[in-house]
Amino acid sequence: FQEKLDWMDTFVREQVEPLDYAFRDAGAPYDRKNPVYKKITDPLKAEVRKHGLWACHLGPELGGCGYGQVKLALLNEILGRSMWAPNIFGCQAPDSGNAEILAHYGTDAQKQTYLKPLLDGDIVSCFSMTEPQGGADPREFRCHAVRDGDHWVIDGEKYFSSHADLAEFLIVMVITNPDVPIHQGASMFLVPRGAPGVNIVRLAGLGH
């Protein structure tokens, strides 16, 4: 495994870290619609796959290597040097966690529509949890959802939902039952970016 780490160290230093200087925008690694980024990163991703290091946090059934926590820590020690590296290696947050959520709990239709392209690196996603008045403490959440026939209606706002403007879908944590303890009354919904009512008020990270 040390041979893989040595290869990663050289590859990231020589091929990936220069991207941090060429493309400085914080959202650049997540912009799958920019043809320039795709033209540059696709060959790098292919090289990572050839060395068996793509999406190492996932098990073989999802196209990863199933490395344990120790190896992942050693890998991320190298990847953490570059804003672009996690994307080149298919393990960027929040896509890594969202992929695992979909793999374990998504419907067959959700897996086909969102999980496969997410694992392939063709789209990005967003995990929308934080709220203005309560940060990431679910006990303070006001965003809630109520059932309306066969559908759920989500009402509320979220804050610091990283890359929501670039994501194909958001996994949104809301309150569905305020009368029980929070670990029982909170739920997560997959919300397509183009769903009616989804409104990005401003991009806080860019000062807009």
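A search of the whole structure finds 8 salt bridges. Before I go through some of them, note that this is a predicted model. I will take the salt bridges and then turn to the pockets.

Start with Lys-50 and Glu-47. Their side chains meet in a salt bridge, with 3.4 Å from N to O. Both residues belong to helix H2, which covers residues 35-50. They are 3 residues apart there, and that is about one turn of the helix. How exposed are the two partners? Lys-50 has a relative accessible area of 62%, so it is exposed. Glu-47 has 27%, so it is partly exposed.

Next, Glu-131 and Lys-158. This is also a salt bridge, and the closest N and O atoms are 3.0 Å apart. Where do these two residues lie? Glu-131 is in the loop between strand S1 (125-128) and strand S2 (144-148), while Lys-158 is in the loop between S3 and S4. The pair therefore ties together parts that are 27 residues apart in sequence. Now, buried or exposed? The cut-off for buried is under 20% relative accessible area. Glu-131 comes out at 2%, so it counts as buried. Lys-158 has 18%, so it counts as buried too.

Then there is Arg-139 with Asp-137. The closest N and O atoms of this salt bridge are 3.1 Å apart. Arg-139 counts as exposed, at 64% relative accessibility. Asp-137 is partly exposed, at 22%.

The last item on salt bridges is a network. Which residues are linked in it? They are Asp-9, Arg-13, Glu-17 and Arg-81. Let me stay with Glu-17 for a moment. Glu-17 sits in helix H1, residues 2-22. Its relative accessible area is 19%, so Glu-17 is buried. The side chain of Glu-17 also makes a polar contact with the side chain of Arg-81, at 2.7 Å. If we leave aside neighbours within four places in sequence, Glu-17 is in contact with Val-12, Arg-81 and Ser-82.

Now the pockets. A word on the idea behind them: rolling a probe the size of a water molecule over the atoms shows where empty space is left.

The largest pocket holds about 1,200 Å³ of space. How many residues line the largest pocket? There are 39. Nearest its centre lie Ser-161, Ala-164, Leu-170, Asn-199 and Ile-200. Three strands each supply at least two residues of this lining: S3 (151-155), S4 (169-175) and S5 (186-192). Sorted by class, the lining of the largest pocket has 24 nonpolar, 9 polar and 6 charged residues.

The second largest pocket has about 270 Å³ of space. Its lining is made of Ile-101, Leu-102, Tyr-105, Gly-106, Thr-107, Gln-110, Ile-171, Met-188, Phe-189 and Leu-190. Which elements give two or more residues to that lining? They are helix H5 (95-105) and strand S5. S5 was also on the list for the largest pocket, where it supplies at least two residues. As for classes, the lining of the second largest pocket has 7 nonpolar and 3 polar residues, and no charged ones.

To go back over the main points: the search gave 8 salt bridges. One of the pairs, Glu-131 with Lys-158, ties together parts that are 27 residues apart in sequence.

How values were computed. Residues numbered from 1 in each chain as written. Predicted model: local features only at pLDDT ≥ 70, side-chain atom pairs only at ≥ 80, totals over all residues. Heavy atoms only, no water. 1 Å grid on protein atoms, 1.4 Å probe; cavity = no way out; pocket = protein on both sides within 12 Å on 5 of 7 lines; lining within 4 Å. Points joined across faces, edges and corners; volume = space filled by probe spheres on them. Helix = DSSP H or I, 4+ residues; strand = E, 2+ residues; numbered from the N terminus. Nonpolar A, V, L, I, M, F, W, Y, C, P; charged D, E, K, R; others polar. Salt bridge = Lys/Arg side-chain N within 4 Å of Asp/Glu carboxyl O. Buried < 20%, exposed > 50% of the residue type's maximum accessible area, 1.4 Å probe, protein only. Polar contact = N/O pair within 3.5 Å; in protein donor to acceptor, adjacent residues only side chain to side chain. Contact = heavy atoms within 4.5 Å.
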